[in-house]
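Subject: Structure handover

Hello,

Please find the structure below, with the sequence. My notes on it follow.

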Amino acid sequence: MLAADGLVNGVAFSPADPEVLAVASGDLQLWDASRHRPLGPAVTVASTSPGGSAFSPSGSVLAAGFLDGTLRMYRVTAAGSLVSAGPPQQASKTGYVENVAYSPNGRLVATADDDYTVRLWDVTDPAHPRELATLGGFGSYVFSVASNRAGTMLAASSGDHTARLWNITHPARPEPLGGPLTGPASTAYSVAFDPARPVLAVGSADRTVWLWNIADPAHPQRLGRPLTGPASYVYSIAFNRAGTMLAAGSTDDTVWLWQVTDPGRPVPLATLTGPTDHVYTVAFSPRGSVLAAGSADGSVHLWDTSTSAAARAVCSKGGDPIDRSEWARYVPGTPYRPPCR
């Protein structure tokens with residue numbers, strides 16, 4: 001567990017080094033996730049704090065949205081320090097920048113804003129982000145934004161209970177893809193693209209996660225029934241790199257896991273506990289099975305979600321190993337293969 005400086009609004013792993021984790025709480029801090037220790041000094045901005053953050057594909061730049069409505073860009077040094085790349089940019093005109101997302105080519109950043117908009121920024125020069133487009137149509141705050149793996153599509157979700165899709169092949173001229181995605185009965189807090197399939201997930205305050213087939217993004221199709229289980233808001237969702245697992249952070253202080261190898265038939269895997277307050281953010285390591293979850297209790301919990309790690313955990317708590325004589329007594333006629341060695 002990592003101890004952050006207050007409520008944790010965002011966690012993000014570096015694509016360049018899966019052990020480097022950015023934590024947005026009262027300050028912005030890079031951590032060594034394997035050793036559970038901070039890297040460089042924390043970044044503190046007077047009179048505000050960071051919301052979501054996202055690394056560039058190279059891991060050399062971190063984009064962060066702040067609660068004063070600004071987008072700030074930081075260069076990541078070899079020692080793990082964050083150095084301001086340039087002056088802040090005003091992204092939200094009337095409130096927080098709730099979330100940010102990088103495009104896979106590293107040239108764009110999208111901000112989810114409390115002024116009911118999404119903004120696209122050219123960050124080719126991180127010291128001088130340039131606003132390219134403002135995307136509207138929402139009837140409330142925009143809480144989450146995500147880019148698909150190809151970098152051709154953008155999704156965003158809002159307090160108006162909807163999510164929306166755009167074609168951003170030409171980012172200065174984004175094109176809406178179909179109408180708003182409806183279904184959630186309350187705030188749509190989070191969106192995530194499946195990296196392996198044309199599937200979009202939306203997490204809602206109605207305690208569900210909705211899945212859409214977006215093979216034809218102008219005509220999305222709902223996949224089965226909404227995923228249920230959490231006892232309160234689903235505030236953050238994330239797929240693992242293979243697209244086989246979906247995690248959801250809930251304000252019931254838990255993280256839920258589903259197997260989504262067949263997105264039309266999700267299978268519940270586990271309910272992870274440990275946080276003592278709302279879970280506002282979840283993220284998978286880009287090159288592994290480690291899941292990070294940030295909570296309002298100021299903690300970041302880390303779990304290894306691989307099957308081998310689960311087997312090790314069971315064996316470590318399962319009592320004494322079975323010897324050959326016991327095996328022969330209880331499993332006669334079967335070659336000796338103890339489950340825990």
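Contact below means heavy atoms within 4.5 Å. This is a predicted model, in which local features need pLDDT of at least 70 and side-chain atom pairs count only at pLDDT 80 or more, while totals for chains, interfaces and linings use all residues. Residues are numbered from 1 along each chain as its sequence is written, and side-chain values use heavy atoms, with hydrogens and water left out.

Overall

The protein has two helices and 29 strands; helices (H or I, at least four residues) and strands (E, at least two) are DSSP runs, numbered from the N terminus. Its radius of gyration is 21 Å, close to the 20 Å that the globule rule gives for 341 residues, so the protein is as compact as a globular protein of that length. That radius is taken over C-alpha atoms, and the rule is 2.2 Å times the number of residues to the power 0.38. Along the principal axes, the C-alpha atoms fill a box of roughly 75 × 45 × 30 Å.

Of the 341 residues, 53% count as buried (under 20% relative accessible area; exposed is over 50%, partly exposed in between; 1.4 Å probe, protein chains only). Of the contacts between residues at least 6 apart in sequence, 43% join residues at least 24 apart. The protein exposes about 14800 Å², and carbon and sulfur atoms supply 51% of that area (Shrake-Rupley method, 1.4 Å probe; for residues, only the protein chains shown count as cover).

Four strands form an open sheet in the order 19-20-21-22, with antiparallel pairing; two strands pair if DSSP finds at least two bridges between them. Strand 19 (188-193) and strand 22 (221-222) are the edge strands, each pairing on one side only. Strand 22 is joined to strand 21 (residues 209-213) over two bridges in the antiparallel sense, and R222 in strand 22 has W212 opposite.

P226 sits in the loop between strand 22 and strand 23 (234-239). What does P226 touch, not counting residues up to four places away in sequence? The residues are T208, V209 and W210. G203 is 23 residues from P226 in sequence, and their C-alpha atoms are 9.6 Å apart in space. With a relative accessibility of 28%, P226 counts as partly exposed.

Strands 2 and 3

In a regular strand the side chains alternate between the two faces of the sheet. Strand 2 (residues 10-13) is covered on both faces: G10 and A12 on one side, and V11 and F13 on the other, are all buried. Strand 2 pairs with strand 3 (residues 20-24) in the antiparallel sense over four bridges, with G10 opposite A24 in strand 3. The two strands form a hairpin with six residues between them.

Backbone angles to check

Most residues other than glycine have a negative phi. Y116 is not a glycine, yet has a positive phi of about 75 degrees. Y116 lies in the loop between strand 12 (108-113) and strand 13 (118-122) and, at 37% relative accessibility, counts as partly exposed.

D253, also a residue other than glycine, has a positive phi near 75 degrees. The loop that holds D253 runs between strand 24 (245-250) and strand 25 (255-259). D253 is partly exposed, with a relative accessible area of 23%.

Regards
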